[in-house]
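I opened this entry to look up the charged pairs and the surface. My notes follow the model.

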Amino acid sequence: MSEPILAIKGGRPVLKKPLPRVYNIGKEEIKAVVALMKRGPLSDYVGAAGPYFLGGQEVNKFEKQFCKKFRIKHAVSFNSATTALHAAVIALGIGPGDEVIVPPFSMSASVTAVLMNGAVPVFADLEDKTFCLDHEEVKKKITPRTKAIMVVNLFGGPAEFGRLLKIAKEKNIKIIEDNAQSPGGRYGRRFTGTIGDIGVFSFNVHKVIQSGEGGVLVTNNDHY
């Protein structure tokens, strides 16, 4: 049996020693990065108007594979999932005076993406089984200014989308999925992140799929 990592001091749990750092970059990843660097800078990215602004061949290949894997029409790469959430709010036309319903239990970006666009985050409580938004609490928080619901799928699992989608349709409001923690999760036959109007995935260093940093936005809507 392994030694416990927690001890109780003053009635509070504390770490006995710092948790070990996880490094899971293997030979295949290192080989791929070296080959990319030899071929050109940043996967052929150029910060000027034109086709190279959208990323080079590696980025385009990745986006196509992401669409195929998650059965979604569009995938757009970002430098982080935080930036992708910011873009999702912009894509839905949400701005000053608008409201977005958010959970109180999430990474700060779920709220700051709303604030950065001048909109107002409105907290709704969670279900005690999924730790995701409670549809009954969401209904209580909807006002004429509500433009979207930010659904955060936690711990690899989905929110209760059957009821949330029904509410969104009845009230004519959009759903943004913060799917940073649940790539590959499913609700019925659909992948989490592809159920709402726009979904966001994360590749931060501590996520299921990681590249040190990065994110991707997915949608079936051509306009978004």
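**Salt bridges and surface**

I looked up Lys-139 and found it partly exposed, at 42% relative accessibility; buried means under 20% relative accessible area, exposed over 50%, partly exposed in between (1.4 Å probe, protein chains only). This is a predicted model, where local features need pLDDT of at least 70, side-chain atom pairs count only at pLDDT 80 or more, and totals for chains, interfaces and linings use all residues. Residues are numbered from 1 along each chain as its sequence is written, and side-chain values use heavy atoms, with hydrogens and water left out.

I found Lys-139 in a salt bridge with Glu-136 at 3.5 Å, N to O. The term means a side-chain nitrogen of Lys or Arg within 4 Å of a carboxyl oxygen of Asp or Glu. Glu-136 is partly exposed too, at 38%. Both residues sit in helix α5, three residues apart, about one turn of the helix. Helices (H or I, at least four residues) and strands (E, at least two) are DSSP runs, numbered from the N terminus.

I then checked Glu-99 and Arg-145, whose side chains form a salt bridge at 3.1 Å, N to O. This pair links distant parts of the chain, 46 residues apart: Glu-99 is in strand β4 (residues 99-102), and Arg-145 is in the loop between α5 (135-141) and β6 (146-152). Glu-99 is buried at 8% relative accessibility, while Arg-145 is partly exposed at 45%.

I also noted Asp-222 with Lys-73, their closest N and O atoms 3.0 Å apart in a salt bridge. Asp-222 is exposed at 53%, and Lys-73 is partly exposed at 47%. My count of salt bridges comes to five.
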